[in-house]
Amino acid sequence: MRVWAIGAMVALLTGLSACDRKPAETPAETTTPAPAAASASDLPDSPTLAAVKRRGRLNCGVHQGLVGFAYTDNRGQWRGFDVDFCRAMAAAIFGDPDAVRFVPLTANERFAALSDGRIDVLWRNSSWTMSRDAGEGFVFAGINYYDGQGFLVRRSLNLASATELNGARVCVQNGSNAQANADDFFRSRGVAYRPVVLETEEAARDAYGREDCDAFSADISALAAARTVLSNPQEHVILSDVVSKEPLGPVVKPGDDRWAAVVRWTLNAVILAEELGVTRENAETLAKDSRDPHVRRLLGVEGDYGAMMGLSKTWALNAIGATGNYGEIFDRNLGSQSPLDLARGLNAQWNARPSGLIYGLPIR
């Protein structure tokens, strides 16, 4: 009993002694600080942008003559939908929409001109396809017009569909997707046809006008343009068949991501401007008075997003002030204010009624 009592007392004293000691400190967790976001100065310079700035102008590849998209007026001035995007880029870079040289190119010449460096950017109704992107390595910087291939025929033929063109001669342009798309359409429906392949779109249109073929197949926007220059345009009709998807947009050569960003975000700036209600007329006023953070970021009042691309804070304001927003560019060249009078259709804003596919990416 005496031994047991002594043991119990020793255990009690040991426990009390342990309570007086401070608990061992747990080593503090070590945290790795989050990497800082890259600043504009950390990004690689764009050799293309540097060359453009040294030269003092943008070399922009365009169609050699397509009403609504790229053509010269009676005074020799370049006009058109794609031309305005070239001018918007020049304004974004230099603050001057006239600091651009337009290089007219055929369908066969366009991509070689880009690869050879004769042009800095191609704004020439070119379709974004897998073979051009993944196969040939060209970089499409966005889509500025959603189109599709169709058929122009004489109204006197009284056709309801292109499937009735059995045995017909169909004019198409060489160096484009037109012949392949027509082949796919007719072959899948078991319809025989005779392609008449011409070197240029103008030559194909002229051959159709001379009745060397029974139909002319190209992008529907190009058919609408062709019809306006034919004698007696009302005698010709675009059939309802849409036989392909043709997402048209600007192209740059690979290896200069920062230059691709200049092209992409200039296009996006004018798209976003329409969505936000920023126009050619009110852009300067909104830059001073708007409290909308989206508008303020777009116009360079908040943040310095231009520095990410090697441009000024007001790059987007300059572009919009020069050409207007996407809707203004469309209406002036292709829509209700133009001879083509094309409906917005797929090229309406995503939140319009009816809605389209045009969608502004966020600037933030």
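Which residues have the most contacts inside the largest nonpolar core? They are Trp259 and Leu298, in a core of 75 residues. A nonpolar core here is a set of buried Ala, Val, Leu, Ile, Met, Phe, Trp, Tyr and Cys residues joined through side-chain atoms within 4.5 Å, and buried means under 20% relative accessible area with a 1.4 Å probe, protein chains only. Helix α9 (residues 257–276) gives the most to this core, with 11 residues; helices are DSSP runs of H or I with at least four residues, strands are E runs of at least two, and both are numbered from the N terminus. Another core, of 16 residues, lies apart from it and includes Phe151 and Phe185.

Before we go on, please note that this is a predicted model, where local features need pLDDT of at least 70, side-chain atom pairs count only at pLDDT 80 or more, and totals for chains, interfaces and linings use all residues. Residues are numbered from 1 along each chain as its sequence is written, and side-chain values use heavy atoms, with hydrogens and water left out.

Now look at helix α7 (residues 201–209), whose buried residues are Glu201, Ala204, Arg205, Ala207 and Tyr208. They cover an arc of only 160 degrees around the axis, so they sit on the same side of α7; the arc is taken from the directions from the helix axis to the C-beta atoms.

Finally, find Asn59 in strand β1 (residues 58–63). Asn59 counts as buried because its relative accessibility is 5%.

Notes
Buried < 20%, exposed > 50% of the residue type's maximum accessible area, 1.4 Å probe, protein only.
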